[in-house]
Structure formats: structure tokens, C-alpha cells
Amino acid sequence: EIHIKEPIEKEVNPRLLPGELLLCEASTVYKYMQEDGSNRGTYGKLVCTNFKISFLDDDSASDDNEPQFKNKIVGENDITLQCVDQIYGVYDEKKKLLTGQLRKYPEKLIIYCKDLRVFNFCLRYTKEEEVKRIVSGIVHHSQTPKLLKRLFLFSYASAAPNNTDGRNQTVMFETLEDWRDELERTKGNVKYKAVTTNEGYRVSEKLPLYFVVPICISDESILKYEGRGIPIWCWSCHNGAALLKMSTFPKEQDDSTSQMQKAFLDGIYKTISKPPYELLKLEDLSSSLPSLQDIQTAYTRFKQLFLIDNSTDFWATDVKWFSLLESTNWLEIIRRVLKKAIEVAECLEIQHTNVLLIEESATDLCCVISSLVQVMMDSYSRTKSGFQSLIQKEWVIGGHGFLDRCNHLHKSEKEEAPVFLLLLNCVWQLVQQYPPAFEFTETYLTVLSDSLYVPIFSTFFFNSQHQRDTNKSGESLKTQSGPFRFLTVWDWAVQFDSKAQAFLNNPLYAEKPKPDKSQRKTARFKHQRQLSLPLTQAKPSTKRGFFREETDHLIKNILGKRIGKFINCADEPPNSLREFYDSWHSKPVDYHGLLLPRIDGPEIKVWAQRYLRWIPEAQLHGGGTIATAAKILDLMEEVQSLQVKMDEEHSQAVSGDVHSVPMLRNSARLSSLFPFALLQRQSVKPALPTSTWKDLEDEDDLVKRDDEFVDLGDML
């Protein structure tokens with residue numbers, strides 16, 4: 001027995017990152033497989049470090065069966081401490097949530113992760129002392145409140161060598177020059193200016209060092225109320241209309257202060273709203289979109305549908321899947337957010353009206369709507385570097401509270417809300433509706449959502465630029481005192497090798513053609529016309545869709561709920577948004593122009609790759625979008641080889657690096673949730689003890705029937 005144990009102990013030592021320390025471990029832990037209802041699994045060692053919880057078995061030491069899409073930082077059996085959602089212990093077949101000090105230790109441990117993985121560990125065969133150490137260690141380090149400087153981010157930054165990839169094209173918006181370049185790119189520098197008023201954070205710690213405001217706004221106005229009540233520029237449309245955002249004043253104020261603030265706001269509005277040349281529409285997101293608490297509640301219900309312990313649970317919920325999905329309200333929130341973005345796009349594009357997004361802090365729903373509008377209206381934001389620059393501008397530098405909203409420090413669940421995940425879900429709707437318009441894939445969005453919980457990057461672990469800058473200086477662990485060198489998540493080489501990174505790029509992306517210099521003027525005019533609707537009014541569609549039950553609500557939204565007497569939008573017909581929506585969808589899509597999402601009921605879908613990737617029962621072997629992509633890539637490869645034969649010197653000009661996408665050769669063996677679902681993970685539909693399935697079994701024998709062609713006419 002000792003002879004057998006010794007080599008295993010040597011083989012399964014954890015691979016530690018720079019700055020990572022082993023805190024506790026337990027041997028002879030049994031990890032259950034999730035594939036079926038049996039108790040099959042594997043023995044190994046469970047360890048907890050200051051970075052992750054990791055299960056190490058014999059396979060952990062071998063590199064033979066490594067998947068093509070492998071994360072270099074977080075392995076298949078690794079859970080970062082920030083990724084742990086809830087931990088349950090099983091006592092006499094009863095589940096109990098584990099928090100704080102434990103009096104009794106469980107015989108089984110269930111870990112639910114924020115990326116929706118579920119790990120089941122049996123501790124019956126583990127020594128009692130080791131059980132106490134590992135369970136209390138995991139609960140303490142992943143669930144109890146901690147200080148910011150205790151995050152692994154700081155340990156890693158002080159110990160890791162600074163080998164960042166200098167070829168990163170993402171604009172970080174940390175310098176005045178970055179903002180001026182963005183103004184020039186969007187032709188917004190005529191009416192707007194980048195200001196240095198907040199250098200040294202003398203205006204507000206919540207604002208970035210540099211930002212953009214209308215030219216007519218003075219430094220005194222910015223300083224007066226710590227930046228509140230000041231329209232901050234987000235983006236300029238091709239026709240000169242701009243998207244702005246503004247944080248509101250605190251609601252509980254005495255009368256004299258409120259009067260002064262109201263007069264100040266009126267003055268600000270009058271300086272930037274000059275009818276009929278400069279129109280302004282106020283969009284109060286706090287009253288027109290769900291609250292952060294509603295969003296958190298909906299997502300909490302929604303994710304429960306995918307945290308599946310075993311096959312039996314999956315098939316039991318599968319029968320009532322649609323009603324359960326609808327009751328969460330998550331897809332409805334996505335639809336409402338997309339609809340609001342369409343309203344804002346219509347104001348900018350058709351009415352040539354500036355839109356001012358208003359929210360208490362202007363760092364939550366303002367970020368979602370402004371980012372979505374830019375993705376829909378600016379083709380640059382649909383490239384990989386453009387989208388990353390957009391996230392930097394609107395979210396990271398814009399001051400979204402990632403630390404609080406993701407609850408990385410476990411200090412307050414009241415502040416927690418999946419606002420950034422909401423944006424990624426909305427962008428995914430556009431990506432799956434218009435794949436050729438995006439340079440990145442849904443896999444890119446999925447790994448970006450996973451990176452929220454990897455604390456070696458500073459991108460998603462601070463509430464503001466000020467917080468990041470003030471915590472950047474400190475004593476390094478091994479070197480002399482100096483500033484921490486934080487990594488950025490946009491350096492994908494840290495997590496993935498070049499083969500894996502190929503999955504992040506869309507080979508079917510319709511790259512924007514470069515206009516000929518001799519025809520530049522004509523091309524520019526044509527591009528602007530493509531962004532706009534045709535002069536002839538298209539016949540409105542007979543489909544009413546999502547507008548049918550919301551006519552009154554729609555009129556209120558279009559007219560605006562807090563529009564002052566100086567805003568000239570009251571003449572707008574109530575059905576203009578519907579005409580805009582239907583007319584755009586009746587025309588061919590310009591992948592480099594305006595994109596409007598389809599938001600009728602069935603068009604809003606579940607992001608299957610993210611939410612179903614760990615559930616084998618939900619996989620279609622040899623099916624799904626990956627099978628289609630594989631066939632198209634085969635055709636592209638054939639076209640490429642023909643091009644080479646026709647003209648060898650132009651072979652390099654054919655776009656679509658087909659050979660760089662591995663493992664797409666045999667699409668019949670691939671899962672629909674590839675590249676996350678491994679080829680060998682297959683699930684057999686079990687005979688279920690649930691009463692619902694027994695009823696179905698008696699009626700139609702559906703459970704025992706193999707997959708086969710069924711004539712729908714026979715079933716109706």
C-alpha cells in the first residue's frame with residue numbers, strides 16, 4: 001500500500017503560480033463524475049491555495065489527453081477562490097450551506113461555481129484531521145470577507161515576471177492622448193474636449209483622471225458638485241449627434257440645496273441644448289430599466305437552472321424547462337435592455353438628437369446601454385481590439401464597481417449584481433444573430449466572462465481607476481518596494497496558447513473593405529447613406545411583436561419621462577420606433593453599418609455555450625453551430641486551395657486562417673458545446689424515478705426510445 005501511494009504523491013503535486021502558496025490539502029478524496037446518476041468517479045488529492053481549490057488525480061500529472069482548448073492558468077479541475085459561489089455539505093443525505101465556523105464536518109462536499117460548474121467530493125475515506133483542515137480552509141478562504149490587499153492579484157503581481165505582450169492593440173484610455181484620439185476617430189472633437197480637471201483626483205475619486213465633456217462646460221462647473229450633474233461624453237455618431245452620460249445628485253437633500261442643484265442642471269442643459277440645431281433627449285435609466293436588485297434576483301433564479309448535481313435532476317427539470325426559464329425573467333430583462341438600446345440608436349441615427357443617459361452613479365446601466373449602442377452603431381466596436389477598447393473606456397476607466405458588483409471580497413451581497421454579465425449576454429444575442437459582423441466569437445465572450453473570476457488580472461478587480469492607482473504602490477514580497485505590475489486580461493497569451501486563441505477569432509468575419517484612394521469621397525458618402533434609412537418610407541410590417549402590449553409604455557419612453565420644456569422631442573409620432581425597427585429589418589444587412597437586434601419573443605435565446613457547457617445531457621454530438629462552422633471552413637479551405645492553383649502569388653491574400661482552427665476536421669465527433677465540452681464526455685439517458693417521466697414512459701415510452709426520426713404528424 002505504501003509502495004503504491006509513494007509515486008502517486010510525487011506525481012500529483014500541484015502546479016503553483018508565482019506568489020501562490022499551498023494552504024491545506026487532503027488525500028484519498030473521491031471526486032464523483034457528473035455524467036450519470038451512478039457513483040462512478042476517481043480518487044485524488046484535494047488542495048487549497050491562496051489562489052484556487054484544485055483536485056489532483058493521476059491524470060493531472062499526464063499531458064496525454066490534454067484538450068486542444070486549454071487554459072494555462074485555470075485547469076479543468078481548478079476553481080479560483082473568487083469563482084466559488086456556494087459550498088454545501090452533505091450530512092446523512094441532507095444538504096446544508098456551509099459558512100463560517102463549523103461544528104460538525106460533512107461526509108460529502110458540493111462546490112457550486114460562478115462559471116456554473118458543480119464539483120462533488122466524497123470525504124468518507126479521508127482522515128478526519130485532513131477533512132477538518134480542508135473543509136474549514138476552503139470555506140474560510142473562499143466565503144469569508146477579506147481585505148483588498150489579501151487578493152491573490154497582489155501576491156501574483158509582486159512575484160511574477162513582467163513578460164507582457166507588447167503587441168496588444170487595446171486602447172487603455174489611461175492617457176489624455178487616448179481620449180483625444182478617440183474624439184478624432186469619431187469626429188467628436190468639434191463639439192467636445194478632453195479635460196485634465198481631475199488630475200490628482202481633485203474633483204472626484206469616482207471619476208477617471210481624464211474624460212471628455214462638451215466644449216461649453218467650464219472647469220468651475222465640473223468642480224462645483226464633484227463632477228455630478230456634468231454630461232460626460234461617451235461616443236459621437238457619424239451625423240454629429242452624441243451619446244452622453246450623467247450621474248445624478250443625491251435624492252435626500254434640503255430644499256435650498258435642491259433648488260440650487262436644479263438651477264445648476266437647468267443651466268447645464270441650456271448650454272448644450274440649442275433647438276433647432278442641437279436637440280437633447282434625457283433618458284433616465286433608473287426609471288425605464290429594471291433595478292440592480294431585480295437584475296440580481298432574476299440572474300440568481302436563472303443560474304439555478306444550470307447548476308445541475310446529476311442526470312436525474314437534469315431530466316426532472318427538462319420537462320418543465322420553458323416555464324422555469326420564463327419564471328426567472330432573465331431573458332425578459334435582456335430584451336428590455338436591447339429595446340432601450342434600439343430607442344437610443346433611433347434618436348441618434350434618425351432624429352440627429354443628442355442622448356443623455358442619467359443614472360445615480362452613471363457606472364452601471366449607463367455602461368450597459370452606452371456599450372450596446374456603440375456595438376450596434378460603430379463597426380470598430382465589433383472588432384476584437386475595438387470591443388476591448390470599448391470595455392476599457394466605458395467600464396474599467398468609466399468606473400464600474402467590479403469589486404462590489406462581483407462581490408470579490410465577500411463583504412456585502414447587497415451590492416452584488418451581474419451588470420457586466422448582462423452586457424455580455426446582450427452582445428451574444430447580436431453575435432449569434434449576425435455572425436459575419438463580429439471579428440470575435442461566442443467562445444471569446446465565454447472566456448471573457450470566465451476571466452471575471454481570475455485574480456491575476458487587474459481589469460475586473462477594482463471599483464475605479466483611483467482605487468487601482470492608490471493600490472498600485474506597495475511593498476513587493478521578494479523585491480524592493482515599488483509599484484505592482486498588474487496584468488491586463490486583454491493579453492490573451494497569458495491564458496491561452498496560439499492554437500487555443502484561434503477559437504477566439506471568427507474566421508467568417510466580413511472584414512471591412514478599404515476604400516480606394518481615388519474614390520475616397522464617394523465611398524465615404526456611400527458609407528454614411530448605408531448607416532441611415534432610405535428616403536422612401538418603407539411599408540411598416542404587419543407583425544407587431546414585442547410592441548403589441550407596450551404601446552402606452554413605448555410612448556412614455558419615446559417622449560421621455562423627465563424632458564424639460566426646452567427639449568424639442570414632443571412632436572415625435574408614437575409609432576416612429578416601430579417603423580424604424582421594422583423598416584431596418586426589411587432591408588439587407590450591412591455588416592459594417594447599423595445593426596439592430598431582433599427582439600421578438602423567440603429571438604432572445606439562452607447563451608447555450610456559457611450556461612450548458614458543463615451539462616453532458618444538453619450536448620448534441622455532431623450537431624449545433626460548430627457542425628455548420630466545420631462544413632463552412634471545409635468549403636473555405638477548398639476555395640483557398642483553388643485560389644492557390646489559380647494564382648500562387650495571391651494565395652496569402654485569401655482571408656480566414658482556416659488551418660489555425662484545430663480539431664474541426666471531423667464534425668460528427670464534435671459536441672455542440674465545443675470547445676468546452678470534451679469529445680469523450682458522453683451521457684446516457686437514465687431510467688428516471690421521477691413521477692413525471694414515469695407518466696411519459698407509460699404513455700409513449702419516450703425514455704427508452706433511442707434517438708430516431710419522428711414524423712411530427714404522428715405526434716400531433
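## About the model

Because this is a predicted model, local features need pLDDT of at least 70 and side-chain atom pairs count only at pLDDT 80 or more, while totals for chains, interfaces and linings use all residues. Residues are numbered from 1 along each chain as its sequence is written, and side-chain values use heavy atoms, with hydrogens and water left out.

## The sheet

Let's start with the strands. Helices (H or I, at least four residues) and strands (E, at least two) are DSSP runs, numbered from the N terminus. Eight strands form an open sheet in the order S4-S3-S2-S1-S8-S7-S5-S6, and their pairing is antiparallel. Two strands pair if DSSP finds at least two bridges between them. At the edges are S4 (78-80) and S6 (94-97), each of which pairs on one side only. From one strand to the next, the twist averages 30°.

Look now at S5 and S6: they run antiparallel and are joined by four bridges. Tyrosine 88 stands opposite leucine 97 in S6.

## Helix H3 on the sheet

H3 packs on the sheet, where it touches S1, S2, S3, S5 and S7, and its direction makes about 110° with that of S1. Such angles run from 0 to 180 degrees between N-to-C directions, and axes are lines fitted to C-alpha atoms, for helices over the stretch in contact. Contact means heavy atoms within 4.5 Å.

Which residues of H3 are buried? They are Glu130, Val131, Ile134, Val135, Gly137, Ile138, Val139, Ser142 and Gln143. Buried means under 20% relative accessible area, exposed over 50%, and partly exposed in between (1.4 Å probe, protein chains only). Their cover includes strands S1 (22-32), S2 (41-49), S3 (52-56), S5 (84-91) and S7 (108-113).

## Glutamine 143

Glutamine 143 lies in helix H3 (residues 128-143). Why does glutamine 143 count as buried? Because its relative accessibility is 17%. Leaving out residues up to four places away in sequence, glutamine 143 touches Val84, Asp85, Gln86, Ile87, Ile138 and His410.

## A pair of helices

Helix H16 (residues 419-433) and helix H17 (residues 442-450) have axes that come within 10 Å and cross at roughly 175°. H16 is therefore roughly antiparallel to H17; angles under 35 degrees count as roughly parallel, over 145 as roughly antiparallel, 65 to 115 as roughly perpendicular and the rest as oblique. Phe420, Leu421, Leu424, Val427, Trp428 and Val431 of H16 meet Glu442, Leu445, Leu448 and Ser449 of H17.
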